Amino acid sequence: MKRSIYIVLTLVLLTQSACQKDPLEEVINGNWNNERNILSIKFENQVGNAEIIRIDDVSGAVNLTINSNAAPDLSTLKVEEIVLSYGAKASIKTGDVLNFENTDNSISLLVTSPTGKKREYKVTVTPFTETLIGTYSIDNLILYGGTGPEYGGGEKLALNSKPWLWPTTNGPDKELDNYLVFELTGITDDGNTFGTVTNFAGADGLYANFIFEGSPRTDVNHFYRKVPIGEGNWLRNYNTGLLTFTFEDGTETSGNYIDAGTQDLGNGFSHTITNNALVFNLNGVDDWDNIFSDYDKIVKKPRRYWIEMTKQE
């Protein structure tokens with residue numbers, strides 16, 4: 001009797017085993033892989049990385065930014081690279097030129113898994129323009145400085161408003177006929193722009209030499225020579241907002257490029273920009289022994305410095 005039961009159980013197990021699919025056969029035939037994702041995509045003149053969203057089982061979205069300074073025509077955007085999940089295929093490939101010149105600057109992209117499942121991505125392009133690019137006349141050099149502004153030690157002044165404090169032949173006033181030309185060279189992988197800046201001397205052919213001629217005589221070019229003489233390089237970091245200039249000798253200065261508006265400086269002080277400006281926070285030190293003096297405001301405790309500019313049409 002027991003032997004009969006064992007025989008029956010064995011037959012049942014063998015029957016069940018024969019009905020199950022072999023997992024190895026699934027792998028060999030590719031029936032296991034339903035993945036149909038875009039892992040990364042890169043277009044020519046793309047700014048930063050694309051945002052890739054898997055919305056649901058059948059749809060997704062890709063949002064990316066194109067540098068319109070380099071690619072003003074969205075009808076001919078070239079795919080530099082597209083990476084898909086293992087075994088998947090897409091309706092576009094590396095090297096394809098696509099047309100985004102339509103109402104919402106988008107195209108549809110279909111990704112198919114090895115098992116035939118599909119996901120349709122909407123790829124949308126946003127044009128990016130580097131606002132810094134152009135030619136600017138230098139209008140004014142403004143300083144806010146001084147120890148103890150809460151006690152009346154602060155002052156806001158144009159550097160050329162006290163000519164007796166500077167060299168006669170090349171004081172700050174020599175910068176006021178200069179003009180700056182910003183050109184775009186490229187965009188880093190993380191979406192920061194970079195290029196060249198040329199500081200042209202104006203009609204007088206001169207640049208300022210920032211030497212304080214008061215007592216004691218002090219070289220303060222490290223505070224006020226923020227833009228290279230002649231040609232230099234710039235990098236605009238869109239995460240920090242900083243604009244960094246690199247001089248020929250490798251020296252760097254960092255500030256911000258700002259539009260028209262008013263900045264609150266505290267203690268009753270503010271400054272209004274009419275057009276554009278480069279603004280730099282300066283690292284002076286308090287000098288209570290010289291509070292209220294020009295030496296304190298310009299040499300010891302300069303706080304903030306604006307190169308005011310007007311962009312030319």
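What follows is a set of questions about the terms used for this model, with answers.

Tutor: This is a predicted model, in which local features need pLDDT of at least 70, side-chain atom pairs count only at pLDDT 80 or more, and totals for chains, interfaces and linings use all residues. Residues are numbered from 1 along each chain as its sequence is written, and side-chain values use heavy atoms, with hydrogens and water left out.

Student: Why are tryptophan 166 and phenylalanine 210 called an edge-to-face aromatic pair?

Tutor: Rings of Phe, Tyr and Trp (its six-membered ring) pair if their centres lie within 6.5 Å; planes under 30 degrees apart are stacked, over 60 edge-to-face, and the rest tilted. For tryptophan 166 and phenylalanine 210 the values are 6.2 Å centre to centre and 85° between the planes, so the rings pair and the pair is edge-to-face. The structure holds 15 aromatic pairs.

Student: What makes this pair a tie between parts of the chain?

Tutor: Tryptophan 166 lies in the loop between strand 10 (155-158) and strand 11 (179-187), and phenylalanine 210 in the loop between strand 12 (193-200) and strand 13 (211-212), so the pair ties together parts 44 residues apart in sequence. Helices (H or I, at least four residues) and strands (E, at least two) are DSSP runs, numbered from the N terminus.

Student: How do you know whether tryptophan 166 is buried or exposed?

Tutor: Buried means under 20% relative accessible area, exposed over 50%, and partly exposed in between (1.4 Å probe, protein chains only). Tryptophan 166 has 3% relative accessibility, so tryptophan 166 counts as buried. Phenylalanine 210, with 1%, is buried by that rule.

Student: What kind of pair do tryptophan 166 and tyrosine 224 form?

Tutor: Their centres are 6.4 Å apart and their planes 85° apart, which makes this pair edge-to-face. Tyrosine 224 is in helix 3 (residues 221-224), 58 residues from tryptophan 166. With a relative accessible area of 1%, tyrosine 224 is buried. Trp166, Phe210, Phe223, Tyr224, Phe280 and Tyr305 form one aromatic cluster.

Student: How many residues of each class are in the lining of the largest cavity?

Tutor: Ala, Val, Leu, Ile, Met, Phe, Trp, Tyr, Cys and Pro count as nonpolar, Asp, Glu, Lys and Arg as charged, and the others, Gly among them, as polar. The lining has seven nonpolar, one polar and three charged residues.

Student: Why is the contact of lysine 122 and aspartate 104 called a salt bridge?

Tutor: A salt bridge is a side-chain nitrogen of Lys or Arg within 4 Å of a carboxyl oxygen of Asp or Glu. The N to O distance for lysine 122 and aspartate 104 is 3.1 Å, so the pair qualifies. Lysine 122 is partly exposed at 41%, and aspartate 104 is partly exposed at 36%. The structure holds 11 salt bridges.

Student: What makes the salt bridge of lysine 301 and aspartate 286 count?

Tutor: The N to O distance is 3.9 Å, so the pair falls within the 4 Å limit. Lysine 301 counts as buried at 15%, and aspartate 286 as partly exposed at 42%. Salt bridges that share partners join Glu155, Lys162, Asp294 and Lys297 into one network.
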